[in-house]
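I opened this notebook to record what I looked up in the structure, entry by entry.

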Amino acid sequence: MQLFVGVDWAEDHHDVCVMDTDGQVRSKGRVSNDLAGIAKIHDLIGRAIPAEFDDDPEVIVGIETDRGLLVRALVAVGYRVLAVNPLGVDRYRDRSRVSGAKSDPGDARVLADMVRPDAHQPRAVAADSDLAEAIKLVARSHQSAIWSRRRLANQVRSALREFYPAAQLAFEDLTHSDAVSVLAIAPTPELGKGLSLSKIASALRRGGRQLNVDKKAAAVQAAVRTDQRTQPPVVADAYGAIVASLAKVIAAHNTQIAELEEVLEAHFSQHPDADILRSLPGLGVVTGARVLGEFGDDPNRYDTAKGRRNYAGTSPLTVASGTRRVVRARHIRNRRLADALYWWAFNAINRSPGARALYDHRRALGDTHSGALRVVSNRLVAILHGCLRHRTLYDEHTAWAHRNDIAA
């Protein structure tokens, strides 16, 4: 016997609908987002089991998320939990209800009805280890902090362009401790021109620089003292207050990113797959932890390398209709994993002759830089799948022996 459960989850409550294989609603209700709510879900499922049925039924749950305490609780008791794409739910609702009506109990019924005939279609929630889940959480927080810092740096760059272009000449990377420490004491052109070499050197040392301090200080001083167009003093002071504030926030981000990286390294080093991932060219601690966290470590999640590549979004997508056939990149994908794979491929072409040969080959065919890196990452994902499946470390010759243009 099979029972199909739709759970429309919310922040403080969840609507639940239980169906049988014929599409008949056996039980339904609203539950709270706590232990009592979990118990009520089990009760609703229990009430849906016919009295004459002695064995435990197979329970298939459809829900629009793949994480959280509710999902973990449902997986823990042995239910098969399917993560359903919200866009698919929206389209399925329109197919079965042309009036446009929508409600939470109605969505729970849609979810149950959706997984009833199509239980093989949605992606089952992976049974990843607790350590892999911890790595994913820390890696995502670390990645989000880096993206947030990048947005702050763009704000600083935009402000400097308007009133202090000389500061842009002094620093290529506005998130670097050199830039943050100097802008903190000289956020305006007037203050920048008044900086002595000793003050600049002291600021650089406070920021953590240990090598070539005097040389860097001289370069910074020369840059901030160049002639430039200026804003009225009151406008420059306003911009200066903005830059000084943003510099402090970036400094805080730098501190937190470094601390999260230490936690990430500690967790990643404990994982049994860490040695395999670190053996692949271009995968360091941070990128390796991101790749592991986003792929997960459930050994049964990806049956083939193609399945792993499809999930990663690196494999090309074919759109064919009639005589028209187009092969293009996948744009609907895990954005965090895509970012990690981009940097993995970028690093790999400088460390692996095989990856470099493939990159050069794709560039010669007319691919863009990003397109060639996507092809490289697609191959690297397949290599990773093979290494994990066979529990072997990366070998350059084995990985690229099928290519004739691999470097010796």
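The entries below cover a cavity, a helix, a pocket and several single residues.

**Entry 1. Basis**

I note at the outset that the model is a predicted one.

How many cavities of 30 Å³ or more does a search of the whole structure find? The search returned 1 cavity at that limit. I recorded a volume of about 30 Å³ for the largest cavity.

I then listed the residues around the largest cavity. Its lining consists of Leu-277, Val-291, Leu-292, Phe-295, Gly-296, Arg-308, Leu-384 and Leu-388. Two elements, α13 (285–295) and α17 (369–390), each give two or more residues to this lining. The largest share, 3 residues, comes from α13. Sorted by class, the lining of the largest cavity holds 6 nonpolar, 1 polar and 1 charged residues.

**Entry 2. Helix α13**

Of the 11 residues of α13, 11 are buried, so the helix is largely enclosed by the rest of the structure. The buried set includes the charged positions Arg-290 and Glu-294, and also Thr-287, Gly-288 and Gly-293.

Which elements do the buried residues of α13 pack against? I found α5 (130–163), α11 (233–270), α12 (274–279), α14 (305–312), α15 (335–348) and α17.

I also checked the backbone where the helix ends. Just after α13, Gly-296 takes a positive phi of about 80°. Gly-296 is also one of the residues lining the largest cavity.

**Entry 3. Packing of α11 and α13**

At what angle do α11 and α13 pack? The angle is about 65°, and the axes of the two helices lie 10 Å apart. I recorded their crossing as left-handed.

On the α11 side, the residues in contact are Glu-261, Leu-264, Glu-265 and Phe-268. On the α13 side, they are Val-285, Val-286, Gly-288, Ala-289 and Leu-292. By class, this contact comprises 6 nonpolar, 1 polar and 2 charged residues.

**Entry 4. Second largest pocket**

I turned next to open space. The second largest pocket contains about 250 Å³ of space. Its lining has 13 residues, and those nearest its centre are Ile-146, Trp-147, Arg-149, Arg-150 and Thr-175. The elements that give two or more residues to this lining are α5 and α15.

Which element gives the most to the lining of the second largest pocket? That element is α5, with 8 residues. The lining of this pocket divides into 4 nonpolar, 3 polar and 6 charged residues. I note that α5 and α15 are also among the elements against which the buried residues of α13 pack.

I looked up Val-31, which lies in strand β3 (residues 25–32). Is Val-31 buried or exposed? Val-31 has a relative accessible area of 2%, and it counts as buried because this falls under 20%. Leaving out residues up to four places away in sequence, Val-31 touches His-13, His-14, Val-16, Gly-37, Lys-40, Ile-41 and Leu-44. Val-31 and Asp-12 are 19 residues apart in sequence, and their C-alpha atoms are 9.0 Å apart.

Ala-170 belongs to helix α6 (residues 165–170). Ala-170 is buried as well, with a relative accessible area of 8%. With the same exclusion of residues up to four places away, the contacts of Ala-170 are Lys-216, Val-220, Ala-223 and Val-224. From Ala-170 to Gln-210 there are 40 residues in sequence and 18 Å in space, C-alpha to C-alpha.

**Entry 5. Positive phi outside glycine**

Finally, I recorded two residues with positive phi. Asn-212 is not a glycine, yet its phi is near 55°. Asn-212 sits in the loop between α9 (197–206) and α10 (213–224). Its relative accessible area of 55% makes Asn-212 exposed.

Arg-391 likewise is not a glycine and has a positive phi of about 55°. Arg-391 lies in the loop between α17 and α18 (396–400). Arg-391 is partly exposed, with a relative accessible area of 46%.

Note on methods: Residues are numbered from 1 along each chain as its sequence is written. This is a predicted model: local features need pLDDT of at least 70, side-chain atom pairs count only at pLDDT 80 or more; totals for chains, interfaces and linings use all residues. Side-chain values use heavy atoms; hydrogens and water are left out. On a 1 Å grid over the protein atoms alone, a cavity is a set of points where a 1.4 Å probe fits but cannot get out, and a pocket is an open set with protein on both sides within 12 Å along at least five of seven lines; lining residues have an atom within 4 Å of a point. Grid points are joined across faces, edges and corners, and a volume is the space filled by probe spheres set on the points. Helices (H or I, at least four residues) and strands (E, at least two) are DSSP runs, numbered from the N terminus. Buried means under 20% relative accessible area, exposed over 50%, partly exposed in between (1.4 Å probe, protein chains only). Contact means heavy atoms within 4.5 Å. Axes are lines fitted to C-alpha atoms, for helices over the stretch in contact, and angles run from 0 to 180 degrees between N-to-C directions. A crossing is left-handed if the near helix is turned anticlockwise from the far one by less than a right angle, and right-handed if clockwise.
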